[in-house]
Amino acid sequence: MDLKTQELINKGEMLPLMEEFYTIQGEGAHTGTAAYFIRIGGCDVGCHWCDVKESWDANLHPPTDTDIIVANAKKYAETVVITGGEPLMWSLDYITNLLQENGIKTHIETSGAYDFSGKWDWFCLSPKKTKLPLDRAYEEADELKMIIHNKNDFQFAEEQAAKVGKKCKLFLQPEWSKKEKMTPMIIDYVMENPKWRISLQTHKYLNIP
Ligand code: SF4
C-alpha cells in the first residue's frame, strides 16, 4: 500500500470496505428496521464460530474513499450500521461526522476490543472472550449483545452485564450453528432472568443479507 493511501486510512478518509448493502436489521434492539450496512474488513478477535471469517484479512478489502461510502448510504437510508470485521480497528470519526452531518443516524456493532472512535447514536457492544472490551466500550454501550454458543456463555454474559451502565439493554442471542440446542435454554434463562431479552438472527430466517 502506498504512503498516501495509508495516511488517508489512518485519518479514516479511506476504509477497507468489504461490502455495503441496504437491508433490514435482523438482530438486537433495532430488529425489523431498515438500515444501510457498511461492513469494514479486518478482525483479529478470532471467534471460532465467526460467520464472516472472510472479513478477517483487511488486505483483501479495497481501501475505499469514505466520501463515496457516505454518498452511497445517503441514497438509501436514514440509519447506517457500521460493522465488520471489527470496525473499531479503524478511525471512525470522519465517517460518523459526515453521516451525522447528512442527517443519518450512526449505529455500530463492535466487540469493543479496540480504542473508541466515532460519534454514535447507538452503540451495540458484543464482547468476546478471546479479546475483551476496553473500559470505554462498556461506558458507551446502549445495547449488550451476548452470543450464546454453549452453557458457559451464560456466566460470561452475566460478568459482562455487570460492567455496562443502567441504560444498556441486555440481549442473549443463540450462535447460529447451535441455535437448535441453545435457543430453548435461552428462552428458559430469559424467563428466569427477565432483565435479559432474546435476540434472534431474524435476517437469516428471512433469507436476506
Ligand atoms: S469479533 Fe465478529 S468479525 Fe471478529 S471474529 Fe468475532 S464474530 Fe467474527
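1. Over which ring does the charged end of Arg136 sit? The ring is that of Phe116, and the distance to its centre is 3.8 Å. A charge counts as over a ring if NZ of Lys or CZ of Arg is within 6 Å of the ring centre and within 35 degrees of the ring normal. Lys179 lies over the face of Trp176, also with 3.8 Å to the ring centre.

2. A word on the basis. The model is predicted: local features need pLDDT of at least 70, side-chain atom pairs count only at pLDDT 80 or more, and totals for chains, interfaces and linings use all residues. Residues are numbered from 1 along each chain as its sequence is written, and side-chain values use heavy atoms, with hydrogens and water left out.

3. Aromatic pairs. The whole structure holds 6 of them. Rings of Phe, Tyr and Trp (its six-membered ring) pair if their centres lie within 6.5 Å; planes under 30 degrees apart are stacked, over 60 edge-to-face, and the rest tilted. Tyr22 and Tyr76 make a tilted pair, at 5.5 Å centre to centre and 40 degrees between the planes. Tyr22 is in strand β1 (residues 14-24) and Tyr76 in helix α2 (residues 66-76), so this pair ties together parts 54 residues apart in sequence. Helices (H or I, at least four residues) and strands (E, at least two) are DSSP runs, numbered from the N terminus. Ring pairs also bring in Tyr36, giving a cluster of Tyr22, Tyr36 and Tyr76.

4. Exposure of that pair. Tyr22 is partly exposed at 40% relative accessibility. Tyr76 is partly exposed too, at 48%. Buried means under 20% relative accessible area, exposed over 50%, and partly exposed in between (1.4 Å probe, protein chains only).

5. Trp176 and Tyr205. Their ring centres are 5.0 Å apart and their planes at 75 degrees, so the pair is edge-to-face. Trp176 sits in the loop between β8 (169-174) and α6 (179-192), Tyr205 in helix α7 (residues 202-205); the pair therefore ties together parts 29 residues apart in sequence. Trp176 is partly exposed at 26%, and Tyr205 at 48%.

6. Nonpolar cores. A core is a set of buried Ala, Val, Leu, Ile, Met, Phe, Trp, Tyr and Cys residues joined through side-chain atoms within 4.5 Å. The largest has 47 residues; among those touching the most other members are Ile38, Leu144 and Trp196. Apart from it lies another core, of 5 residues, including Cys43 and Cys50.
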